[in-house]
Amino acid sequence: MTPITNNLKPWVGLILLSIALLSSQFGYGQQKSGKPNIIYIYADDLGYGDVSAYGATKIQTPNLDRLAASGIRFTNAHTTSATCTPSRFGLMTGIYPWRQQGTGVLPGDAKLIIPTDRVSLPKIFKKAGYHTAVVGKWHLGLGTQVKKNWNTDVKPGPNEVGFDYSFIFPATADRVPTVFMENHRVLGLDQNDSIEVDYQQPVGNDPTGKEHPELLKMHSSPGQGHNQTIVNGIGRIGYMSGGHRARWVDEEVSTTFLSVAQEYIKRNKERPFFLYFALTEPHVPRMPATIFKGKSNLGYRGDAILQLDWTVGQIMDQIESLGLSDNTLIIFSSDNGPVLDDGYQDGAVSQRNGHMPAGPLRGGKYSIFEGGTRVPFIVSGAGAAKGVTSDALLCQIDLLASVADMLGQAIPKGEAFDSQALWDTFLGKDKEGRSHLIEHAGSLAVIKGKWKYIEPGNGRAYAKLTDTELGNAPHPQLYDLSKDMGEKNNVADTHPKMVKELAAILAAERNK
């Protein structure tokens, strides 16, 4: 008698072939490349002093501390800018955002500001055989114009920039439309309840925070504009009608993004992937999940930081449980420095309790002082040094060229030219990093070695609404950061040669 297994051999082969084809289609397959998975976790408005590994004492972030202890904690790493949209633009394009008009903080209905025909960070990964995804906050615009139909495919967007998969909200949590989008479509949309968005005039009949403050569960701060269409008991910037079934609930946003990110990691564990995981904490409106409310004793901002830390821990634990630790690099940072009152009365100021969100740095979000762009930056995992602190000068904009160099991918001439290939710096092998860096807020500044020069300007020195020292002054400013990390002692008058040298660097950068 012929063994049954012999009769099944042709069918077994066909079945295995079918499984292989399906695995390729849906993200399952054997990872043979040896290329490290990279997860870039981007916090929103998290300050240098908001992490206990960076000296915070009024709040503890055990998971970020664990990440730092297992990798490299950078103390001189920067965003390009002191606000979110330009920092994200620099990260994605390798170009200083101040070189391109329209890269300021965008409204929720803005058009896409990243060129689709040029190199980008996710495109570098794609060309090297990676699967790419963005999960979380986008805030880089969608579509080709401001006026768009939110009830059909909205593109170009993250997919056209280089992401194979995207699960985002369009702008920030304090701006309409307050919906999730998966690839090009609003998730959960009822076509009988079409979405309309306008930032110039009211649309529809939804109540606003200005006219109906009695409906609010979190009140806006006076003068900051967070009192327009109410969603989930919170006034937003901008007007929105329709899409009621699709509107997310603030307390569930973070865990939704986490579950999507975890599912993506699980689905792609057998092949190299790049995940850009853009968190919303601790950006306003700060409305963490109920289990975190009241846990920090620092108001909802502190609670949101605890939620952020827990989220990072969940990703770390998943990577370990899937056996991916040796082949995955986790990079954690923030898009700009901290701010307390940024539009809502959420206890961030009244329950501060001595917490210093920028640590020893001066300024914060919106500021050309170090508190605006010097942020937590941690690299841990495959190939990275362990338990190391580095003061190398590094910028998030350098990730693009560094990854391209590591993966052997060429960058077209004239593109991403502000990004520097510093992969050894990212891994902790090089201790120097950049020779100089341009910082961007209302004005520009140059860091070179221990020196920082802030160009003179006519901008405001202080923003009353957010209680932020902006750093603008009509005269040159020069600081020795090795002795004066808090930028208290302007030594421009006693070091005119250094002022001249750094001003020349800035002028040369402007003329590139």
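Tutor: Helices of at least four residues and strands of at least two are DSSP runs, numbered from the N terminus. Please keep in mind that this is a predicted model.

Student: Where is N232 found, then?

Tutor: N232 is found in the loop between strand 9 (230-231) and strand 10 (234-235), and although N232 is not a glycine, its phi is positive, at about 55 degrees. With a relative accessibility of 26%, N232 counts as partly exposed, because that class lies between under 20% for buried and over 50% for exposed.

Student: Which residues does a cis peptide bond join, with omega about 5 degrees?

Tutor: That bond joins K155 and P156, and P156 sits in the loop between strand 4 (131-137) and helix 5 (158-161). Another cis peptide bond, with omega about -10 degrees, joins V284 and P285, where P285 belongs to the loop between strand 12 (273-278) and helix 7 (299-321).

Student: How many residues does the largest nonpolar core have?

Tutor: As a general idea, nonpolar side chains in soluble globular proteins tend to be buried together. Here the largest nonpolar core has 61 residues, and those with the most contacts inside it include W138, F274 and L399. Helix 9 (residues 399-407) supplies the largest share of this core, five residues. Apart from this core lies another of 47 residues, among them F257, F292, I305 and I330.

Student: What does W138 touch, not counting residues up to four places away in sequence?

Tutor: Counted in that way, W138 touches several residues, including R88, L112, I114, F163 and F169.

Technical notes
Residues are numbered from 1 along each chain as its sequence is written. This is a predicted model: local features need pLDDT of at least 70, side-chain atom pairs count only at pLDDT 80 or more; totals for chains, interfaces and linings use all residues. Side-chain values use heavy atoms; hydrogens and water are left out. A nonpolar core is a set of buried Ala, Val, Leu, Ile, Met, Phe, Trp, Tyr and Cys residues joined through side-chain atoms within 4.5 Å. Buried means under 20% relative accessible area, exposed over 50%, partly exposed in between (1.4 Å probe, protein chains only). Contact means heavy atoms within 4.5 Å.
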